[in-house]
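I will start with the ligand shell and then go on to the protein as a whole.

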Amino acid sequence: MILPQFDVLVPETVNEACAMLAEHAEHGVRVLAGGTDLLVNLRRPIITQHVPRCDGCRTHPEGAVSSTIDCTMWESEPLMASGGSLRTLLRDQEKTSPEFLVSLHKLKELKNIRRSDDGGLRIGALTTLAEIQRSPEIRQDYTALAEGTDNLGSPLVRNRGTLGGNIVNARPAADAAVPTIGLGAMLTLHGKSGTRSVPAEGFPTAPGKTIIEPDELLTEIVYPLSPTYSGSAYYKLANRKALEISTVGVAVWVILEKPGGPVADVRVALGAVGPTPILAKSVPAVLIGKVPDKAAIAEAAEAAAGDCRPIDDHRGSAWYRVQMVEVLTGRLLKIAVERAGTTT
Ligand SMILES: Cc1cc2nc3c(=O)[nH]c(=O)nc-3n(C[C@H](O)[C@H](O)[C@H](O)COP(=O)(O)OP(=O)(O)OC[C@H]3O[C@@H](n4cnc5c(N)ncnc54)[C@H](O)[C@@H]3O)c2cc1C
């Protein structure tokens, strides 16, 4: 990996980190968490003929070698022209190499999993994906999040990659961000002028873009209480079981009034079928108040499919993705309802 030159700043506190981000904003500064996205994106093409091109998107004709820097399409993950074993994401923010990286590795207070006063769960942004995957508490009460990490990258990636990085990276297919939206989490953003809390579904605005301000850090992800009769599930549909980006990702969360129904609340989040991970907003109107039987679940799954906005790319056609959203939403609602009914 060939990286541009930069200086690494190591703050001891969150406030110091925000001050560094503000101070160096004009010269180019980036936050470094696990580095599994950032360092890959910052690397330079190794051989000149490895010109990044946009593969399979409408902006450039198939086979053309064009710079991804000019490509505005959201969906394609550009492949290297020479074959595809090397992959890079040159998003807007990586066009200019930063002069500074603010490394968060000393901020131990951002690395924890703890209960909120109201019984919800607070996860520090620096908590690794492996720590989430291993947590029995998360697997029991926030199953969709645990399942989101199960097939994310590889053990090496999960050992370094953080939950915060997966969310701030704002990929449409981010496997931990999709269940985070499905489970109704709030994100805590800390900046020079204070702290604010925003719903996870409103955080990403476009591929690689979010509402975070240049001096802000994502410090914590706050999941609401998982009620007694609730259950959740996530499924990643991909061409391989590991080291693969989702073709479609679906997370569902169901809360029942009692085992067997009716449905008190439901959320369905979708990955890789829009410019950002999205919340399927039509589903609650279809399912809340109904017993989640086969017909009601089928109607809700159809509604979720109507909410997505996929495009064709090398991982799957838009048509295929819509079909898969419907199939997977139906299956996962059934699983989540079963899990909700058996919660003790
Ligand atoms: C081989 C490989 C396979 C992968 N497979 C998958 C996969 O299957 N599914 C998937 O979803 N992802 C995958 N990824 C992407 C990546 O591992 C995850 O997105 C990971 O969670 C990123 O976390 P990180 O800590 O490494 O982030 P970093 O690379 O350190 O940062 C990512 C971005 O977020 C910003 N950032 C990080 N933390 C904060 C914070 N607390 N506050 C503000 N800004 C912050 C950084 O500035 C940067 O822009 C893969 C990556 C690799 C290299």
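Five elements each supply at least two residues of the shell around the ligand: strand S2 (29-32), helix H2 (38-42), helix H6 (155-160), helix H7 (163-168) and strand S12 (217-223). Of these, H7 gives the largest share, four residues. Please keep in mind that this is a predicted model.

How many residues surround the ligand? There are 29, and the closest are Gly34, Gly153, Gly161, Gly165 and Asn166. Sorted by class, the shell consists of 15 nonpolar, 10 polar and four charged residues.

On to the domains. Domain 1 (7-103) and domain 2 (108-223) each contribute at least three residues to the shell around the ligand.

Now the confidence. The average pLDDT for the protein is 87, and 83% of the residues score at least 70. Where does pLDDT stay under 50? That is the stretch of residues 46-95. For that stretch, the model has 90 contacts beyond four places in sequence.

Last, the overall fold. The protein has 344 residues, of which 47% are buried. In secondary structure, there are 11 helices and 16 strands. As for contacts between residues at least 6 apart in sequence, 67% of them join residues at least 24 apart.

That is the end of my part.

Technical notes. Residues numbered from 1 in each chain as written. Predicted model: local features only at pLDDT ≥ 70, side-chain atom pairs only at ≥ 80, totals over all residues. Near = placed C-beta within 6 Å. Nonpolar A, V, L, I, M, F, W, Y, C, P; charged D, E, K, R; others polar. Domains from an automatic or database assignment. pLDDT = per-residue confidence, 0-100. Contact = placed C-beta atoms within 7 Å. Buried ≥ 20, exposed ≤ 12 C-beta atoms within 10 Å, placed from the backbone.
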